[in-house]
Amino acid sequence: MVSTCLVIDEMHPSLPEMLRAVGVEIHYQPTLSAAEVPAALAAFPYDGLMVRSKLRVTAALLAHGPHLRYVARAGAGVDNIDEAAMAAAGVTLLNAPEGNRDAVGEYALGLLLALFRNVTRAHQEVRQGQWHREANRGEEIGGKTIGLLGYGHMGRAFARRLSGFGCTVLAHDTDPNCAAADHATLVSLAELQARAEVLSVHIPYSVANHHYVNAGLLQGFRAPLWVLNTARGEVLDHAALVSGLQAGTVRGAALDVLENERLGALTAEQQQRFDFLAQAPNVVLTPHVGGWTHQSYARINEVLAQKIAAFLRAGKPELAGS
């Protein structure tokens, strides 16, 4: 029996062929608005729904798709999906952190280098006809202790790329089943705070992780500290970050994600914090592109196709060897 999947977001054009190869027929409707998705689900007995970030998958949405067996999230983060509602409805969640972990790992390294070597500031100065060598004397990664908060797919990918720089990599993860790897040493949060000179955030967003990196956590580190965030903006308390930058206890920050990425809809407080970050010479800001490469765009399809095939075959979405 052919399985059917409704795809409501723009995907790499390789997706139809990949899904057909594993026995899945797709109804590709990326122009559907979030408001139109419930009716589309109700109109056809879909087995699967594939999404990016267009809408939240809630109990109310799932009620319109009584035949759904899985929801495939084309990416790593699942903060737009109500996992409790999924479990209650008996719908399996599939996501694809394996698809963009290499892109995020490379990007985190690039942000660290940009931060340590004043790349963006120096670039702007030279474009303006200024030539300031001493003011842009930078730091080397070699000899530093890099602390990773979260040691899943993204944290491990970053750690692998740091392995050639002659630095010490420590990682802390709240998952008791998290296993150590060759490229980092798992430590307690207290040890991470005592030893790390750089904090790189790699934890997913959840209600429990909201502002996990807050004033108390930052103040517990040996100052000064560099902060990188390529995870989700909401896991970092931006008020605490700004305070640390102003006080000098945070030496610099590189943020690929923000507390509110709709820059035209910031609150007054968010706007004030954003203005400070945007003008700070020791802050690097980018528009949530860490996992956004041409290669990861296609690789996410590959991962989801494999996981959907495994799920349909045996009810197990895991990739072999992942």
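I began with the cut-off for a disulfide: a pair of cysteine sulfur atoms within 2.5 Å. The model I am looking at is a predicted one.

**Cysteines**

I applied that rule to the structure, and the count came to zero disulfides. Next I looked up Cys 178, which is in no disulfide. How far away is the nearest cysteine sulfur? That sulfur belongs to Cys 167 and lies 18 Å away. With a limit of 2.5 Å for a disulfide, Cys 178 therefore has no partner, its nearest cysteine sulfur being 18 Å off.

I also wanted accessibilities. Is Cys 178 buried or exposed? Its relative accessibility is 16%, so I noted Cys 178 as buried, since buried means under 20%. Cys 5 has 0% relative accessibility and therefore counts as buried too.

**Two domains**

I then turned to the division of the protein chain. Domain 1 takes in 3-95 + 294-315, and domain 2 covers 100-285. I looked up the separation of their C-alpha centres and found 32 Å.

Where they meet, six residues of domain 1 are in contact with five residues of domain 2. The two domains bury about 490 Å² between them, and carbon and sulfur atoms carry 52% of that area.

**Across the boundary**

How many salt bridges are there between domain 1 and domain 2? I found one. I also looked up a salt bridge between the side chains of Arg 232 and Asp 79, with an N to O distance of 3.1 Å. For polar contacts between the domains, the count is one residue pair. On the side of domain 1 that touches domain 2, I listed two nonpolar, two polar and two charged residues.

Terms used: Residues numbered from 1 in each chain as written. Predicted model: local features only at pLDDT ≥ 70, side-chain atom pairs only at ≥ 80, totals over all residues. Heavy atoms only, no water. Domains from an automatic or database assignment. Contact = heavy atoms within 4.5 Å. Buried area = accessible area lost by both parts, 1.4 Å probe. Salt bridge = Lys/Arg side-chain N within 4 Å of Asp/Glu carboxyl O. Polar contact = N/O pair within 3.5 Å; in protein donor to acceptor, adjacent residues only side chain to side chain. Nonpolar A, V, L, I, M, F, W, Y, C, P; charged D, E, K, R; others polar. Buried < 20%, exposed > 50% of the residue type's maximum accessible area, 1.4 Å probe, protein only.
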